Number of protein chains: 2
Amino acid sequence: MSRLEEKTISSEPIFSGKIITLQVDEVELPNGRTSKREIVKHPGAVAILPLTNDNNIVMVEQFRKPLERTIVEIPAGKLEKGEEPRETAIRELEEETGYECDSLEWLISFYTSPGFADEIVHLYIAKGLKKKKDAATLDEDEFVNLLEISLDEAIQLIKEQKIYDAKTVYAVTYLQLQEAMKK
Amino acid sequence: MSRLEEKTISSEPIFSGKIITLQVDEVELPNGRTSKREIVKHPGAVAILPLTNDNNIVMVEQFRKPLERTIVEIPAGKLEKGEEPRETAIRELEEETGYECDSLEWLISFYTSPGFADEIVHLYIAKGLKKKKDAATLDEDEFVNLLEISLDEAIQLIKEQKIYDAKTVYAVTYLQLQEAMKK
């Protein structure tokens, strides 16, 4: 197996925003040559797969400016500074859906775009949902429509490209696998 | 259902690099207020789930500078200008693994980080693999180790957080689902 590591020679900060920062690193490659790496730093996020007592999935429809369209996703949100992913999951579930849950189980964590970004998503499954508030209490620049759909409806929304993002596609496939293994 | 769209008031270009560009858009929210959106534009990518004739998965180990570590992934690569995703998949499979394939089937496409980036990954499954070249012919700044592993080994690598990215975790779960549905 060959050596793969890239050493940082220098790092140029380009942008520091509300959510992401961007830097360009000059690196020494395994063969001694140099190259540039464009790197987006992100605080990390959680996503929650909320299952109602009648086995529906709670999802949110929201406009995603980078895509210039609305898509349907499982609830998710960025980690606040100093916040444990589990706390973020409980907070975001309540903020985006108005639900609190009896059980919250970690399923998996993954990097979304390891080629250019360090964003990690921690995925939890939430069960024993209870409506705490009638309406969601969103961030002031956040607008969502709530949906409660069956697994079959979720699979159909993937076909229609209304569900169109990695974490939600993974979550739906995870549920399909659980169902298939029951049989 | 409430209106969710955000209208662009202005768009400020921040950075234009080899791979990504960054812009900050000022938007009008559904309630008439304004907010800023940090948006990374990416050319899009393909990923390939290559299955050998004895049902092993061909993966690549590579250093990911944003994560400062090596991870194990299915082969993937960026779309070149004017290239159809299918062509990219055939090219990247050969470049990264030395394999060509008899059949290449599209499985799914998904956005990796719709909150801040427009990157889309088109995922294909490649079967009927034949070694075309002894060695991979990588880009000049690309270094990978090749692995051929079973589905069970892939599941183990997920547990060990050596497989740690969305597209690969999805691909492994997809295969698990296919296996479970056979039974």
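This is a predicted model: local features need pLDDT of at least 70, side-chain atom pairs count only at pLDDT 80 or more; totals for chains, interfaces and linings use all residues.
Start with chain A. Its secondary structure comes to 3 helices and 10 strands. Read from the N terminus, the elements run β-β-β-β-β-β-β-α-β-β-β-α-α.

Next, the overall dimensions. Along the principal axes, the C-alpha atoms of chain A fill a box of roughly 60 × 45 × 30 Å. Of the 183 residues in this chain, 57% are buried. Its accessible surface comes to about 8300 Å². Carbon and sulfur atoms account for 46% of that surface. Chain A carries 24 positive and 35 negative charges.

Take the contacts in chain A with a separation of 6 or more. Residues 24 or more positions apart make 58% of them.

Now look at one sheet in chain A. Three strands form an open sheet, in the order β6-β5-β10, and the pairing is antiparallel. Its edge strands are β6 (69-73) and β10 (144-149), each pairing on one side only. From one strand to the next, the twist averages 25°. Strand β5 (residues 57-64) of chain A meets β10(A) over 6 bridges, in the antiparallel sense. To find this pairing in the model, go to A:Glu61, whose bridge partner in β10(A) is A:Asn145.

Helix α3 (residues 166-182) of chain A lies across β5 and β6 of chain A. Its direction is at about 165° to β5(A).

Turn to chain B and its strand β9, residues 120-131. Why is this strand largely enclosed by the rest of the structure? The reason is burial: 9 of its 12 residues are buried, so the rest of the structure largely encloses β9(B). Buried here means under 20% relative accessible area.

Two pairings of β9(B) can be traced. Strand β4 (residues 45-50) of chain B pairs with β9(B) in the parallel sense, over 6 bridges. Here B:Pro50 stands opposite B:Ala126. Strand β8 (residues 99-111) of chain B pairs with β9(B) in the antiparallel sense, over 11 bridges. On that side, B:Ser109 stands opposite B:His122. When following any such strand by eye, remember a general rule. In a regular strand the side chains alternate between the two faces of the sheet.

Key: Residues are numbered from 1 along each chain as its sequence is written. Chains are lettered from A and ligands numbered from 1 in the order in which they are written. Side-chain values use heavy atoms; hydrogens and water are left out. Buried means under 20% relative accessible area, exposed over 50%, partly exposed in between (1.4 Å probe, protein chains only). Helices (H or I, at least four residues) and strands (E, at least two) are DSSP runs, numbered from the N terminus. Two strands pair if DSSP finds at least two bridges between them. Axes are lines fitted to C-alpha atoms, for helices over the stretch in contact, and angles run from 0 to 180 degrees between N-to-C directions. Contact means heavy atoms within 4.5 Å. Accessible areas come from the Shrake-Rupley method with a 1.4 Å probe; for residues, only the protein chains shown count as cover. Lys and Arg count as positive and Asp and Glu as negative; His and the chain ends are not counted. The place of a charge is taken as NZ of Lys, CZ of Arg, CG of Asp or CD of Glu.
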